[in-house]
Amino acid sequence: MLTKEFKVDNLTVKKYDTRDAMGEASGKETAEYLRKLLSRKDEVWIIFAAAPSQNEFLATLAAEPGIDWGRVHAIHMDEYVGLPKSHPAGFGNFLDRTIWSKINLASIDYIGPERDPEESIKAYNKILEEHHIDICLMGIGENGHIAFNDPHVADFNDPARIKKVDLDLTCRTQQVHDGCFATLEEVPEYAMTLTIPTLFACDKLVCVVPAPTKANAVKATLYGPISEACPASIMRRHKDATLYVDADSGKYIE
């Protein structure tokens, strides 16, 4: 059940009593937006985030009827560097399992964990130069990151579209908290990420953030300064962004 809806600057915030309610509502609302978009556009491009926080949302979205996925093109926003292609924690593999294998997409472009970073940059730069991205489906990290733009590498005016970054300790520890890796030592130290201006250029941002481990990040996003110290705070300046939280992640909401 929706328990609170309000705005902080331009950002719409919707708080639900449970994680399941949050996931269902965000999935259904995104599906409705996508259906309307497809009614007036020949094709749609979407950036997908890969994280366990997106499970309920992606399950709902994949099951929604009346979406012509054959006119939807998918890219993903970030990927580890140096993982084997078959590694279950790879973000492309996560998205295959949770949604991409369940729908009939027009195309999928993988960053590829085994790929040379310069090859990834070249390939994704071409996609982003040639296509306008309509929707970004995203989350927020425990340190306030969006994609793998951790605070120490975040740049609201980044000249790059995609870049290689080193991951800070909080970010790498989160991957263990999420159950993606058994130990911190297994978590890669580097990743490829779409930059903040690339995400911000999308027409619509859908940000789904459950769980108590994200409560401080949600608080900083909504009530702190708009700053690279909390990269997610930039959503407050976007023309069409919605943040979905549950009772746990939204426990500091005033």
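Leaving aside its neighbours within four places in sequence, with which residues is Met77 in contact? In this predicted model, where contact means heavy atoms within 4.5 Å, Met77 touches Ile47, Phe48, Ala49, Ile111, Cys136, Leu137, Met138, Ala147, Met192, Thr193, Leu194 and Leu199. The model is predicted, and local features need pLDDT of at least 70, side-chain atom pairs count only at pLDDT 80 or more, and totals for chains, interfaces and linings use all residues. Residues are numbered from 1 along each chain as its sequence is written, and side-chain values use heavy atoms, with hydrogens and water left out.

Met77 lies in the loop between β4 and β5 (78–80), where strands (E, at least two residues) and helices (H or I, at least four residues) are DSSP runs numbered from the N terminus. Met77 has a relative accessibility of 2% and therefore counts as buried, a term that means under 20% relative accessible area, with exposed over 50% and partly exposed in between (1.4 Å probe, protein chains only).

Strand β4 belongs to an open sheet of eight strands, in the order β1-β2-β11-β10-β7-β3-β4-β6, with mixed pairing; two strands pair if DSSP finds at least two bridges between them. The edge strands, β1 (2–8) and β6 (107–109), each pair on one side only. Between β4 (residues 72–76) and β6 the pairing is parallel and spans three bridges, and Ile75 stands opposite Asp109 in β6.

Strand β3 is joined to β4 by five bridges, and the two run parallel, with Ile75 in β4 as the bridge partner of Ile47. On its way from β3 to β4 the chain passes through α2, and this β-α-β crossover is right-handed, which means that, with the strands pointing away from the viewer, the path from the first strand over the helix to the second runs clockwise. Strand β3 also pairs with β7 in the parallel sense over three bridges, and there Ile46 has Ile135 as its bridge partner. Because five of the five residues of β3 are buried, this strand is largely enclosed by the rest of the structure. Val44, Ile46 and Phe48 point one way from β3, whereas Trp45 and Ile47 point the other way.

A nonpolar core is a set of buried Ala, Val, Leu, Ile, Met, Phe, Trp, Tyr and Cys residues joined through side-chain atoms within 4.5 Å. In the largest such core, which holds 43 residues, Leu34, Phe48 and Ile99 touch the most other members. The largest share of this core, seven residues, is contributed by α1. Apart from it lies another core, of 42 residues, including Ile75, Met77, Ile121 and Val245.
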